[in-house]
Amino acid sequence: MTLRSSFDSRAGRDCLHALMKHLLFGVIFALVSCTGLAAMEAPLMNVAARQVLSLNGRWNVIVDPYDNGFVNYRLDRYDAETQPTGGYFLDRKPSSPSDLVEYDFEHSPVLNVPGDWNSQDEKLFYYESTVWYRRKFDVSPRSAATRQFISFGAANYEADVYLNGRKLGRHTGGFTPFQFEVTGKLHATGNSLVVRVNNQRRADGVPTVNTDWWNYGGLTRDVALLEAPVTCIRDYALRLQPGPERRVRGYVQLDGPDSARIVKVEIPALQVTVETAANPSGRAEFEFALNGAELWSPEHPRLYDVAISSAGDHIAEKIGFRTIETKGTDILLNGKPVFLRGISLHEENPLRGGRATTPEDARQLLGWARELGCNYVRLAHYPHNEYMARIADELGLLIWAEVPVYWTIHWDDPGTYTNAENQLTELITRDRNRASIIIWSMANETPISPARTAFLTKLVAHARSLDPSRLISAAMEVHADPADANIKIVEDPLAEVTDVVSFNQYVGWYVGLPDDCAKVRWVVPYKKPVLISEFGGDALQGLHGDRLTRFTEEFQADLYRKTLPMLEKIPQLRGMTPWILCDFRSPRRVLPAIQDGWNRKGLIGENGTRKQAFYILQEFYARKAAPSPRVAKPVELGLVPRP
Ligand code: GCB
């Protein structure tokens, strides 16, 4: 037998693979130790299950508008390859009185983490540049059988991370999690974690320079030290397959030098115990029947305790099982048609005027959506924090989750594509076990061109390769027929590759007046479900006038009253997410005494008070939720008196 044919056999290949993996792990480990740069891999999922130390709290900060801690006066980077010890503001102490050190974290101001800097310090409200964060921490000696990771929920937009004076690495993208392995780099006391966070908008970034939301900078989500065994569970997915057999398929991905292990998946309440061997790459695939399970739905958001273990490692999760698919123009949840009664939201707490960061913030936003009668939310326009999807799992809200491919980004730039794809990967990896998430959205209002469609089609294929179990969409645009402005046409080559056709439309606000809604005729030539991803108009809460006076609650209420029947004329209509639950900050919105830096399309004002349109939509949703009568009643939308 030739050497070649022996490795053509499966056992031989596996054996070679295992050997290569051990060697590779050794080489990477050696490289990492000697360069000081930690490899940034896909993060360990389910951070809460692994946390040993929260690094949330008060961090010292240096505001550095000229990035002087990062580049010298010739614009050379302090952390260039040739100087692996990192940037300038690395928490150095003067060793003698003659030593020149022109900064001092110890006596610098503090900011809370998680949190954006804009809402914590008036001087930083419009700030778009670098802030250096420093946090000291002690950690009891860790066992040699474990690995440690520093985990960031998100940092907007770019983060350079340094531990004890040495660079760990960089992350780009403001809304997704990242981790650095720090095994062997921690001291028992006095660890210094320094992060340069820069939120400058970039033309080639994702998003690009122009958006309609506030560019909150900082360590906006939780920071923690995690611990896991040397060979640990990195990633896993459990997916209920469509069909009456109720079979769950999934995998567990181990990570570490000794990956060929037995993996066990247990769901005690359903008497499920599955054991399966991981292949030499650490991947264990399994399938089992879900007998007697209650499926997850908005009406019954049943979550099961799932335990995943593999010699030495153990992860606990709460997972709901449901299916989502399309059939013709219907969206089927657990095999049954569903109408998505939704609302769009930004990740912002309007009462505080900053990023929504905590579980309490998530409960408030999602609680308002529930009060409105929603079974669905659009988390616009970027990945929201992990609590949102976990709490939606608990509350029974379906989710459209999105990446910030917004308006006009650099479609021809391969770096921009890689950045978008990376953000999508990090979002899907984090949330792939959330029953609430049913749609991955690729983009919002992107102008049709060959380069844009090629970019987004590639992104769709990537999303499907990572997660074949959910629907794909994007918020597209509507165009008026040049011959008759009342004919609204939705035609976009992207709609050929998405599962659901979604579009934003603003008849009655940016286009004409609410009375024009009655004249609209639709051309949506796709045999696919249609979701209206946005409609709406601004109203200042408490401003009253007649229904034709812009920015009054009456105008906005009238717009909702006229828009809903107009949308119901689309035969494939299967849901909507009007724009938007709450007023949100946006630097584009400059009208004095009305906008004052807020987009006022919220159904809830900045003080938490519901506007009239809130009740119009609430009434519509109550009717949609009721069991449908045999003969459909024409939609009549009255103004419901405020309670
Ligand atoms: C849109 C955008 C959204 C804006 C909204 C508006 O189409 O998708 O980000 O905030 O319109 O208020 O104009």
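I looked up H381 first: is this residue buried or exposed in the predicted model? It comes out at 2% relative accessibility, so I count H381 as buried, the cut-off being under 20%.

I then checked where H381 is: in the loop between β24 (376-379) and α4 (386-395).

Next I went through its polar partners. The H381 side chain has a polar contact of 2.8 Å with the side chain of E402, and another, at 3.5 Å, with the side chain of R378. I also listed what H381 touches once neighbours within four places in sequence are set aside: W213, H346, E402, V403, P404, Y406, N444, E534 and W579.

I moved on to helix α8, residues 612-625. How far apart should its ends be? With 14 residues at 1.5 Å a residue, I expect a span of 20 Å, and the end C-alpha atoms are 20 Å apart, so the two agree.

I noted the buried residues of α8 as Q612, A613, F614, Y615, I616, L617, F620 and Y621. Among the elements covering them I found β21 (340-345), α3 (359-371), α7 (553-567) and β33 (573-576).

Last, I checked confidence. Mean pLDDT for the protein is 91, with 90% of residues at 70 or more. Strand β25 (residues 398-402) has the highest confidence, 99, and helix α1 (residues 3-8) the lowest, a mean of 29. I see pLDDT under 50 throughout residues 1-39, where the model has 37 contacts beyond four places in sequence. Residues 631-643 are also below 50, with 26 contacts beyond near neighbours in sequence.

Key:
Residues are numbered from 1 along each chain as its sequence is written. This is a predicted model: local features need pLDDT of at least 70, side-chain atom pairs count only at pLDDT 80 or more; totals for chains, interfaces and linings use all residues. Side-chain values use heavy atoms; hydrogens and water are left out. Helices (H or I, at least four residues) and strands (E, at least two) are DSSP runs, numbered from the N terminus. The expected span of a helix is 1.5 Å times one less than its number of residues. Buried means under 20% relative accessible area, exposed over 50%, partly exposed in between (1.4 Å probe, protein chains only). Contact means heavy atoms within 4.5 Å. A polar contact is a pair of N or O atoms within 3.5 Å; within protein, one must be able to donate a hydrogen and the other to accept it, and residues adjacent in sequence count only if both atoms are side-chain atoms. pLDDT is the predictor's confidence in each residue, from 0 to 100.
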